[in-house]
Amino acid sequence: MSRRPIPFVAALLVYLAAAFLLAVPLAAQSDDPVGRAITSLSTASGEVRAVERAADTADTREDRAALTDRLSAVRATAADMATTLEAEMALVDAKIAEIGPATPGIVDAPDIAAQRKLLAQRRATIDSAVRRGKLLNVEAQQLADRIVADQAAELGRSWATRNASPLTPGFWAAMLEATPRDIGRVARIVEQVMADIGRGLSGGGVWIALLGVVAAVALGWPARIALREAGRRYAIGAAPGHRVRRTGYAMWRLVTGTALPTLAALALVQGLRWSGLTGATVDPILTAAVFAIGMGAFIGALGAALLMRSQGSWRLLPIDDDVARALMPWVWVLAVLTSADILLSAIVETMRLSTTAVAVTDAAIAAVRLLAIGGLLFTLGRLRSRARAEAEAAATDDAPVSGAGAARAGVGIVTLVVWLVTLASAGALLAGYTTFSLFLTRIAIEWLAIVVGTFYLLLAFVDDVVTTVFSADSRTGHVLARGVGIRPGAIDQFGVLSSGLLRLGLALVAIVMLLTPFGSGIDSTVERFGTVAGGITVGDVSISPGAIIRAVLVLVVGLTLARLFLRWLNDRYLPTTAMDVSARNSFAMIARYIAIILAVLWGLASLGIGMERIALLLSALSVGIGFGLQAITQNFVSGLILLAERPVKIGDLVRIGTDEGDVKRISVRSTEIELADHSTLIVPNSELITKTVLNKTMSNALGRLQVQFSVPLNIEPQRIRQIVLDVFAAEPSILDDPAPVAFVDNIVDGRILFNCFAHTSSPRTSYPARSSALLMILQRLAEQHIDVGTVPQQLQLLPAHRRDDEQGHHDPIG
């Protein structure tokens, strides 16, 4: 008896060991990203099969949209798993590369061989999963394209569906035949509604409905007016900038004019629901009523925001007050028709009326829409005729108004197109193609007008807000300029570029909205934009809008860091060195180009372009650089030589040909020289390297002046020499060392020729010093009644160590 529990204990231990051994692989698999990815791909594959089966029976647009959403989720899962698997593949490849391949003739250790085998198996598993994910992505995309094609085909079939024409007796006969049945259905629905109302009244919830009515009235009228006026007062008193005031007030009117009536309708409907006065029968109608009122309010508020009937100075559209007042009633007609269309469609669907009743309702809606559009077109035609007559009466031969004529021509073309679409819709309605007629009036005219008007307002609002906020004169601009050190022009450029990017995004959204009614749907259109946003792959480099934006941001950060480094270099470090201004400029210039090159390389690296690809690109472009860009390359290399060897420095006085001036700036491409008339001579750097340049201040900054004259032979030479030396000594700009000298150069025709030299601290001061010395010499000689001869005089500005070739032994200053 005492030994019988032993087999039971042994069996229990064996069971626990087996459970542990089974649990370890499962736990490892749950922690293994490859295992999770394979499981997710299997689930996604099953989802694709399920969507494929459901697509055969989907017959409504909503069902197809739901299937498309499921396929989008599958594609997102496949993309995420592919990213995970590629990362794991890179890790496995790194481990395989670390172990290395098997060497023939050498037997590896058993653990190394086993590890190599496991890594090879794991790599094969990952590669198979990656291929499966890519195939699954392609299958999901193809299935989504098929669903979209089915939706488009369904839309085309609905357009081609022909009913009896309202001009034929069959249309009216069918309506009379179906009327009794439809009246019976309506009566039963009304009966249910009245029963629901009776139960609600007996329940004592009427006060909730009354509260809903009060809230609806308060939100729809006084609250809306009060908020609109508050926005106008703020725009007048506190909003920055005239443009932002206009577009901001227009947006405020659109928001309040849409939100408040929608909230009012929602409060009324919720009051009816909470009071128990409505049941499940009319609940879809109530939901549709809220949407219908919100849509009608949006159209009316949009028209009011754009037209500003009573506030012409706030109007965004370039039209006068008469046109705005004439168009505003038609905006409200369009709003009411849109709301009625939505509500009638919900009522017909909820009451499940006959197909004849549906066709009659659609024909009636299409006819009323056509009448409204026709009335609007006639109003526009009358306004255009009056404007044309006024323009012709006011126009003169000397003052043509081409801009106004172009605007009128554009409006005329749009009006003509709308007329053609309206006539086509009327013809389709009379021919019995009711669905196609409704499509033309709903989508081709009204939906297009709503989308264009909405995004016109949004584009103007975004542009005004962004360019005002990021302006050099705005508060944000002052903060950026003073706190960060960004120059005002860069702030304005950033505002314009940001506005352009945001408006481009809004334009893409507008395209999506325009394509939505044509059967593609928002999801499929966004999917296509997402495919474009995914970019293209060139070799191993993926180029996409997101990657480009990332590279631009990295480049901006790199250039900003380079700018900060150069500011520290110029303001803090270089002034502490013993280098002169020219050496500092050369050092800072080389550092600047190195920093820019490093920032560009960093930006390219963020795109996945490494140094080996850049080297390959440069080698491919070397032939073109050698021929087409030879001059630029030569100047660039010459600029580097000038910055390194510094034969010409900033501040040097140089002569190139017949031009002489001070070197103001040396870049890697050219050198700027300021001439005596304050004009700037831009010299390619190759000219300074390959041609003769006279640098008057390279090794000695002294300037020399020369004065030549003659006196009669009977005048004592020492007396004249002393006068000249005294004048030179009295001139402040003439140096004492080297000392001035005066020579008797020659005796010609009874006159003694004097050749005198002196030095100044700079060649730039030699000319005024020479002029001052000549004036003093002439004055002193005239005071002593000494006749001065008309010997030609020559100004020479040479360094002290340079010998004048023309004077030879007569010039001992060498």
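Arg75 has its place in helix α3, which spans residues 61-99; helices here are DSSP runs of H or I with at least four residues, and strands are DSSP runs of E with at least two, both numbered from the N terminus. The whole description rests on a predicted model, in which local features need pLDDT of at least 70 and side-chain atom pairs count only at pLDDT 80 or more, while totals for chains, interfaces and linings use all residues. Residues are numbered from 1 along each chain as its sequence is written, and side-chain values use heavy atoms, with hydrogens and water left out.

Arg75 counts as buried because its relative accessibility is 17%, where buried means under 20% relative accessible area, exposed means over 50%, and partly exposed lies in between (1.4 Å probe, protein chains only). The side chain of Arg75 is joined to that of Asn137 by a polar contact of 2.7 Å; such a contact is a pair of N or O atoms within 3.5 Å, and within protein one must be able to donate a hydrogen and the other to accept it, with residues adjacent in sequence counting only if both atoms are side-chain atoms.

The largest nonpolar core has 38 residues, and those with the most contacts inside it are Ala250, Leu254, Ile299, Leu302, Leu307 and Leu457. A core of this kind is a set of buried Ala, Val, Leu, Ile, Met, Phe, Trp, Tyr and Cys residues joined through side-chain atoms within 4.5 Å. The elements giving two or more residues to this core are α7 (242-275), α8 (283-307), α9 (321-351), α12 (434-469) and α14, and the largest share, ten residues, comes from α12.

Helix α14 covers residues 488-515 and includes Leu515, which is partly exposed with a relative accessible area of 38%. Together with Leu504, Leu508 and Ile511, Leu515 makes a nonpolar surface patch of about 320 Å².

An open sheet is formed by five strands in the order β6-β5-β4-β3-β7, with antiparallel pairing. Strands β6 and β7 (694-695) stand at the edges, each with a single partner strand, so one side of each is left without a neighbour in the sheet. Two strands are taken to pair if DSSP finds at least two bridges between them. The table sets out three of these pairings.

| Strand | Partner strand | Bridges |
|---|---|---|
| β3 (residues 653-656) | β4 | four, antiparallel |
| β4 (residues 659-666) | β5 | five, antiparallel |
| β5 (residues 670-675) | β6 (residues 680-684) | five, antiparallel |

The hairpin of β4 and β5 has three residues between the strands, while that of β5 and β6 has four, and His678 in the latter turn has a positive phi of about 70°.

Thr671 also lies in strand β5, and Thr671 counts as buried because its relative accessibility is 0%. A polar contact of 2.8 Å joins the side chain of Thr671 to that of Asn685.

How values were computed
Patch = residues over 30% accessible without salt bridge, like charges linked within 9 Å, V, L, I, M, F, W, Y side chains within 5 Å. Areas by Shrake-Rupley, 256 points an atom, 1.4 Å probe, with all protein chains shown as cover. Salt bridge = Lys/Arg side-chain N within 4 Å of Asp/Glu carboxyl O.
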